[in-house]
Amino acid sequence: MMKTFFHVEDIGNLNKAIEEAKEVKANRYAYQNLGKNKTLLMIFFNNSLRTRLSTQKAAMNLGMNVIVLDVNAGAWKLETERGVIMDGDKSEHLLEAIPVMGCYCDIIAVRSFAGLTDREFDYAETIVNQFVKYSGKPVVAMETATVHPLQAFADLITIEEHKQTARPKVVLTWAPHCRALPQAVPNSFAEWMNAADVDFVITHPEGYELDPRFVDGVQVEYDQRKALEGADFVYAKNWSCPGVKNPSNYGQILSKDMGWTIDSEHMSWTNNGRFMHCLPVRRGLIVTDDVIEDERSLVIPEAANREISAEVVLKRVLESL
């Protein structure tokens with residue numbers, strides 16, 4: 001029974017989930033009866049390309065009706081805080097909006113990024129947990145303040161499809177960026193890789209340590225070259241300071257060291273490694289053109305697998321209704 005999808009434990013046995021993903025990918029229209037006369041409501045507090053398209057396509061594969069709501073474009077501006085006097089530009093409170101949304105659908109999928117100013121608010125998943133509490137419907141995370149499980153599941157599917165050894169070495173490496181980004185993608189990637197049968201290593205500059213709830217027991221190597229040596233898969237991603245060691249630094253950019261940018265020299269330290277990134281990617285900051293355009297790059301296959309991860313998740317939720 002799957003009523004929410006936020007963490008790797010929600011998917012259950014990973015091997016079974018991977019096998020189910022293979023079955024779905026081989027015949028992605030085989031389960032249309034599950035979604036007949038069922039509606040998915042997709043709610044976006046933030047911009048989206050892959051998540052929007054892949055999740056909607058997955059729902060359509062399952063025969064579902066799909067409603068897409070952009071909260072910041074075409075809907076009333078929503079207040080999320082309790083105890084406020086609503087005399088500003090926000091006309092409706094989330095606590096009324098959520099149960100109303102639940103009236104119109106069978107499953108709710110939510111995308112809401114971290115604000116990166118209040119660590120306690122973000123890491124409590126204040127917004128999406130209100131959907132869980134007040135909607136009365138199963139809730140699927142399409143990226144939240146702290147997690148992006150549909151991406152991590154798609155990443156795992158991609159690694160399983162392309163690995164050359166039974167237990168490949170997978171490296172999550174921080175890379176520089178011009179903006180402060182959330183930790184949702186690296187958090188989920190770490191959580192899922194930690195649960196998978198891979199040799200997993202994280203490398204980043206001092207101060208970028210991810211929250212222990214996502215990286216419990218994972219090897220952290222601060223020397224990027226040492227981390228990349230012998231890697232079969234290199235997953236590059238920027239994230240801002242998670243504020244684990246110093247909460248006052250939460251959401252800040254502590255480094256812009258271009259020496260961490262993945263280029264051909266970095267990839268030469270690997271075991272003929274495959275390059276991965278969730279997209280969108282800032283070329284020249286995260287990765288150089290030659291690496292992302294190389295035949296060893298997996299950014300398009302992993303993006304394509306977003307449809308598959310979403311379909312497996314929605315299929316399981318439908319089976320739980």
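In what order do the 5 strands of the open sheet come? The close-ups below, taken from a predicted model, start there.

View 1. Reading across, the order is 10-9-8-11-12, and the pairing is parallel. Strand 10 (219-220) and strand 12 (274-276) sit at the edges with a single partner strand each, so one side of each has no neighbour in the sheet. Helix 8 packs on this sheet, where it touches strand 8, strand 9 and strand 11 (233-237). The direction of helix 8 makes about 155° with that of strand 9.

**View 2. Strand 8 and its partner, strand 9.** Strand 8 (residues 169-174) is mostly covered, with 6 of its 6 residues buried. K169, V171 and T173 point one way, V170, L172 and W174 point the other way, and all of them are buried. Strand 8 runs parallel to strand 9 (residues 199-203), and 5 bridges join the two. Among the bridge partners, L172 goes with I202, and T173 goes with T203.

**View 3. Helix 7 against helix 8.** Here helix 7 (residues 149-162) packs on helix 8 (residues 184-195), with the axes 8 Å apart and an angle of about 45°. That makes the two helices oblique to each other, and helix 7 passes helix 8 in a right-handed crossing. On the helix 7 side, look for P149, A152, F153, D155, L156 and I159; they meet S188, F189, W192 and M193 of helix 8. Sorted by class, this contact has 8 nonpolar residues, 1 polar and 1 charged.

Key:
Residues numbered from 1 in each chain as written. Predicted model: local features only at pLDDT ≥ 70, side-chain atom pairs only at ≥ 80, totals over all residues. Heavy atoms only, no water. Axes fitted to C-alpha atoms, helices over the stretch in contact; angles between N-to-C directions. Helix = DSSP H or I, 4+ residues; strand = E, 2+ residues; numbered from the N terminus. Parallel < 35°, antiparallel > 145°, perpendicular 65-115°, else oblique. Left-handed = near helix turned anticlockwise from the far one by under 90°. Contact = heavy atoms within 4.5 Å. Nonpolar A, V, L, I, M, F, W, Y, C, P; charged D, E, K, R; others polar. Buried < 20%, exposed > 50% of the residue type's maximum accessible area, 1.4 Å probe, protein only. Pairing = 2+ DSSP bridges.
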